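Subject: Structure for you to look at

Hello,

I am passing on a structure that you have not worked with before. Please open it first and then read the notes below.

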Amino acid sequence: MAVQPIRLFDDPVLRTPAEPVTDFDRELRGLVRSLQATVRAGTGRAGLAAPQIGVPLRVFVYELDGRSGHLVNPRLDPSERRIVADEACLSAPGVWWPLERPYMVTVRARDMFGKPVTLRALGTLARVLQHEADHLDGVLFIDRLPAEERERFLAALP
Ligand SMILES: [Zn+2]
């Protein structure tokens with residue numbers, strides 16, 4: 001798998017909770033490489049979850065200001081402290097919207113070889129990790145907006 005088309009907003013795969021990975025095999029490593037290639041071919045920033053390229057597995061990659069990686073079967077432990085910042089989604093290109101989220105997050109996951117990894121992040125990276133983890137649950141960031149703002153968001157989509 002190389003660069004894949006990114007599924008857009010109304011694609012049902014984005015609304016389907018993804019399955020946990022059970023086989024840490026060549027296919028999984030190919031999926032991670034494909035996600036990395038796809039995010040780098042686009043804006044080269046932020047993150048991309050497997051459902052966004054049509055694969056219903058709990059895997060995502062992140063690329064932000066020199067920090068990059070991938071996480072498989074992530075479990076998130078967010079902080080109480082929350083902040084508002086602009087957020088966007090590669091599945092809804094061209095629209096940024098302010099959204100409140102926890103400021104920090106600790107993620108426990110596996111890497112593509114099945115090795116346990118723990119990642120602590122704050123600020124924008126914490127936001128990216130939460131946004132991508134939401135994709136694995138079939139949740140889009142607009143679902144977290146108040147209904148009135150969500151309607152304005154939908155109207156602002158190209
Ligand atoms: Zn997204």
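Contact, as used in these notes, means heavy atoms within 4.5 Å. The model is a predicted one: local features need pLDDT of at least 70, side-chain atom pairs count only at pLDDT 80 or more, and totals for chains, interfaces and linings use all residues. Residues are numbered from 1 along each chain as its sequence is written, and side-chain values use heavy atoms, with hydrogens and water left out.

Overall layout

The chain holds three helices and seven strands. Helices (H or I, at least four residues) and strands (E, at least two) are DSSP runs, numbered from the N terminus. Along the sequence their order is α-β-β-β-β-β-β-β-α-α. The radius of gyration of the chain is 15 Å, close to the 15 Å from the globule rule for 158 residues, so the chain is as compact as a globular protein of that length. That radius is taken over C-alpha atoms, and the globule rule is 2.2 Å times the number of residues to the power 0.38. The C-alpha trace spans about 45 × 35 × 30 Å along its principal axes.

Of the 158 residues, 46% count as buried. Buried means under 20% relative accessible area, exposed over 50%, and partly exposed in between (1.4 Å probe, protein chains only). Among contacts in the chain with a separation of 6 or more, 64% come from residues 24 or more positions apart. The chain exposes about 8,300 Å², and carbon and sulfur atoms supply 51% of that area. Accessible areas come from the Shrake-Rupley method with a 1.4 Å probe; for residues, only the protein chains shown count as cover.

C89 and H135 link distant parts of the chain, being 46 residues apart. C89 is in the loop between β4 (82-87) and β5 (97-102), while H135 is in helix α2 (residues 123-136). Both C89 and H135 are buried.

P51 sits in the loop between β1 (46-49) and β2 (59-64). Is P51 buried or exposed? P51 is buried, with a relative accessible area of 1%. Leaving aside neighbours within four places in sequence, P51 is in contact with R7, V13, L14, A18, L57, H135 and L136.

W97 is in strand β5, and W97 is buried at a relative accessible area of 11%. Apart from neighbours within four places in sequence, W97 is in contact with A85, D86, E87, F141, L145, E149, R152, F153 and A156. The C-alpha atoms of W97 and T16, 81 residues apart along the chain, are separated by 23 Å.

Most residues other than glycine have a negative phi. D65 is not a glycine, yet has a positive phi of about 45°. D65 lies in the loop between β2 and β3 (67-78) and is exposed, with a relative accessible area of 62%. From D65 to D111 the C-alpha distance is 21 Å, and the two are 46 residues apart in sequence.

N73, also not a glycine, has a positive phi of about 50°. N73 is in strand β3 and is partly exposed, with a relative accessible area of 22%.

What does R108 touch, not counting residues up to four places away in sequence? R108 touches N73, P74, R75, D77, V117 and T118. R108 belongs to strand β6 (residues 104-110) and counts as partly exposed at 39% relative accessibility. R108 and V72 are 36 residues apart in sequence and 9.1 Å apart in space, C-alpha to C-alpha.

Regards
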